[in-house]
Amino acid sequence: MSVRLSALGLGVVALLTTAALTYAADKQITSTPRAASQATAQAQTLVVPDVRRQAYVFAKGILVDAGFAWRVQGGVRGFSANVVATQTPAPGTRVIDNGAPTVLLTLERNGKYGQKGTAQDVSPYAGTPVQLADLASTSLTPASVETATTPAAVAPAAKPKPAVAKPAKTATVAAKPAAKPASHAQKRPPAFVVAGAPAEPLDEMPLPDRARQLGRWLAAHPKPTNANVKHWLFQNEWIVEGAKFGWWRGEEALRLLVQVDARAESAWGIGSKSASVARRALAEVKARAA
């Protein structure tokens, strides 16, 4: 998936389970130097992406891909076509990866598309507090520790080494660049036009391809872990919202998605609500395309 999905992203309201938290490694400062192999590992960090001026439907996908949760604040609710006005922390900020750091968003109303559907003001999985990486404690490395009681030993002068003739350089053959993957279909006439709806991103796979890929992914992930459920529902909303925006072959994608959700219900014991959402969207899309 691209930066939106794989960016562009979308969660189904009240459907995601709490995402599992990862652990940030603690750092300890020691009073005596240790071998470099014993140095405390540094905590993992994330970089806050820039989602300003993005449609909210795309901003959610970007944040999901980057490992963040989000919360909408202010008077404009989290409808898919609204546009991100501000974000906190600022783009480029380095934060500790303590699970899913929460980015605060304010939105601007999309007057053309209107406030359609159900507002989603928070990520459907639990967020964690933001911890700035620059404020985290750092470990002292042996090279940074000086002791006043033990003078540094003076190394004896190195003996001169006899000159060794360097082997002649051999010509190298430049490796051929890897073949670029086939691009997705670039001609995608909309099934219908919705004023103010975000245009279908051509660097993302078409909706039916995404639904088929989700089916293959489900077959390879038989257990409903937090991460798996999060991914599955993220893909569900992308397909549902895209079809409602009038994106190319949305009706076909929704039919496939209903089948995938039925398989998820059989394998995981969940999926009936997502299938119901997909069926309602299918009825809406069929009516608008008629």
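**Confidence first**

Residues are numbered from 1 along each chain as its sequence is written, and side-chain values use heavy atoms, with hydrogens and water left out.

The mean pLDDT of the protein is 77, and 69% of its residues reach 70 or more. Residues 137-155 have pLDDT below 50, although this stretch has 13 contacts in the model beyond near neighbours in sequence. Where pLDDT is low, the predicted coordinates should not be read in detail.

Now the cores. A nonpolar core here is a set of buried Ala, Val, Leu, Ile, Met, Phe, Trp, Tyr and Cys residues joined through side-chain atoms within 4.5 Å. Buried means under 20% relative accessible area, exposed over 50%, and partly exposed in between, with a 1.4 Å probe and protein chains only. Helices (H or I, at least four residues) and strands (E, at least two) are DSSP runs, numbered from the N terminus.

The largest nonpolar core has 34 residues, and Trp232, Leu254 and Leu257 have the most contacts inside it. H1, H2, H3, H4 and helix H5 (272-289) each supply at least two of its residues. H4 gives the largest share, eight residues. Leaving aside neighbours within four places in sequence, Leu254 contacts Ile239, Val240, Ala243, Ala278, Ala281, Leu282 and Val285. Another core, of 21 residues, lies apart from this one and includes Ile62, Val72, Leu105 and Leu107.

How many of the 11 residues of helix H1 are buried? Nine of them are, so H1 (residues 56-66) is largely enclosed by the rest of the structure. Strand S2 (69-72), strand S3 (83-88), S5 and H3 are among what covers those buried residues. After H1 comes Gly67, with a positive phi near 95°.

Next, two single residues. Leu207, in helix H2, is buried at 0% relative accessibility. Among its contacts beyond four places in sequence are Trp238, Trp247 and Trp248. Glu251, in helix H4, is partly exposed, with a relative accessible area of 26%. Beyond four places in sequence, Glu251 touches Leu282, Val285 and Lys286. Its side chain also makes a polar contact of 2.9 Å with that of Arg255; the term means a pair of N or O atoms within 3.5 Å, where within protein one must be able to donate a hydrogen and the other to accept it, and residues adjacent in sequence count only if both atoms are side-chain atoms.

Last, the rings. Rings of Phe, Tyr and Trp (its six-membered ring) pair if their centres lie within 6.5 Å; planes under 30 degrees apart count as stacked, over 60 as edge-to-face, and the rest as tilted. That rule gives eight aromatic pairs. One of them, Tyr113 with Phe245, is edge-to-face, at 5.4 Å centre to centre with 75° between the planes. Tyr113 is in the loop between strand S5 (102-108) and helix H2 (207-219), and Phe245 in the loop between helix H3 (226-244) and helix H4 (250-268), so the pair ties together parts 132 residues apart in sequence. Tyr113 and Phe245 are both buried.

Technical notes. This is a predicted model: local features need pLDDT of at least 70, side-chain atom pairs count only at pLDDT 80 or more; totals for chains, interfaces and linings use all residues. Contact means heavy atoms within 4.5 Å. pLDDT is the predictor's confidence in each residue, from 0 to 100.
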